[in-house]
Each structure stands twice: as structure tokens, then as C-alpha cells.
Amino acid sequence: LNLKKKLLDTKKILGSNYKTLSNEENQTVKSLRRSLVASKSLSKGSRIDKSDIMIKRPGTGLSPSQINKIVGLKLIKSKKKDEIFKMKDFGKNKEL
């Protein structure tokens, strides 16, 4: 009985082999990621060019790895300078 309890306690102390992030770590990771943002004000219907895009923090929008997916697409709503791009900003472009 005593040995069984000690073995269970040892298992708890050793913990899991799997790394999981705490809520605080998840928030930090999100704030350190980067997003695609408008480098200038863009009007509805504008076709996106690489010069219209900047990469900035926080990473709550499109990832920089998706830059080639949005170049050439038309905006369905206006964007202010430094506003984060989201896929819904491009509507149902056939390129998507």
C-alpha cells in the first residue's frame, strides 16, 4: 500500500512527456507573431500589390507566409494604413 502510493506520487512528480503551453505562453506567442497589414490606405476594389503590404506585430491576422495568396486579389472593403488583412477582406475572389 505504501509502495503503491509512493509510485503514484513519483509518477505525478515526473509529469508528462508532452509539452503544453500555458495560457500566458499562448498569449505571448500570439503577440510575437507577425501579420500582414496595409502599408497605406487602400480603397474598396483595389487590387493588392506587394508594395501595399507590410509585416507587423501582433500576429492576429494573416501570416506573412500567405503574402503570395493575397497579392493580386481585390479588396471588398477599404483598409486604413496599418490595418490588419484578413481573408474575409477579399470576399469570394476566384483565386482563393
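This is a predicted model: local features need pLDDT of at least 70, side-chain atom pairs count only at pLDDT 80 or more; totals for chains, interfaces and linings use all residues.
Asp82 is partly exposed, since its relative accessible area is 36%. The side chain of Asp82 meets that of Lys56 in a salt bridge, with 2.7 Å from N to O. Because Lys56 belongs to strand S2 while Asp82 sits in the segment after H3, the pair ties together parts of the chain that are 26 residues apart in sequence. Lys56, for its part, has a relative accessibility of 28% and therefore counts as partly exposed.

This pair is one of the 7 salt bridges in the model. Another one is formed by the side chains of Lys79 and Glu83, which come to 3.5 Å, N to O. Lys79 has a relative accessibility of 4%, so this lysine counts as buried, whereas Glu83, at 28%, counts as partly exposed. Through salt bridges that share partners, Lys77, Lys79, Glu83 and Asp89 are joined into one network. A further salt bridge links the side chains of Lys19 and Glu25, again with 3.5 Å from N to O. Here Lys19 counts as exposed because its relative accessibility is 65%, and Glu25 is partly exposed, with a relative accessible area of 33%.

We can now turn to the loop that runs between strand S1, residues 35–38, and strand S2, residues 53–56, where Ser39 is found. Is Ser39 buried or exposed? With a relative accessibility of 16% it counts as buried, because that value is under 20%. Its side chain reaches the backbone oxygen of Ser51 at 2.7 Å. If we leave aside neighbours within four places in sequence, Ser39 is in contact with Ser51, Asp52, Ile53, Met54 and Lys81.

Asp52, one of those contacts of Ser39, is found in the loop between S1 and S2 as well. This aspartate counts as buried, since its relative accessibility is 5%. Beyond its neighbours within four places in sequence, Asp52 is in contact with several residues, among them Val37, Ala38, Ser39, Leu42 and Phe85.

Some of these names return when we look at the nonpolar residues. The largest nonpolar core has 12 residues, namely Leu36, Ala38, Leu42, Ile48, Ile53, Leu62, Ile67, Ile70, Leu73, Leu75, Phe85 and Phe90. Strand S1 and helix H3, which covers residues 67–70, are the elements that give two or more residues to this core.

The last stop is helix H1, residues 2–14, whose length can be checked by simple reasoning. At 1.5 Å a residue, its 13 residues should span 18 Å, and because its end C-alpha atoms are 18 Å apart, the two values agree. How many of the residues of H1 are buried? The number is 0, so this helix lies largely in the open. Just after H1 comes Gly15, which takes a positive phi of about 75°.

Methods. Residues are numbered from 1 along each chain as its sequence is written. Side-chain values use heavy atoms; hydrogens and water are left out. Helices (H or I, at least four residues) and strands (E, at least two) are DSSP runs, numbered from the N terminus. Buried means under 20% relative accessible area, exposed over 50%, partly exposed in between (1.4 Å probe, protein chains only). A polar contact is a pair of N or O atoms within 3.5 Å; within protein, one must be able to donate a hydrogen and the other to accept it, and residues adjacent in sequence count only if both atoms are side-chain atoms. Contact means heavy atoms within 4.5 Å. A nonpolar core is a set of buried Ala, Val, Leu, Ile, Met, Phe, Trp, Tyr and Cys residues joined through side-chain atoms within 4.5 Å. A salt bridge is a side-chain nitrogen of Lys or Arg within 4 Å of a carboxyl oxygen of Asp or Glu. The expected span of a helix is 1.5 Å times one less than its number of residues.
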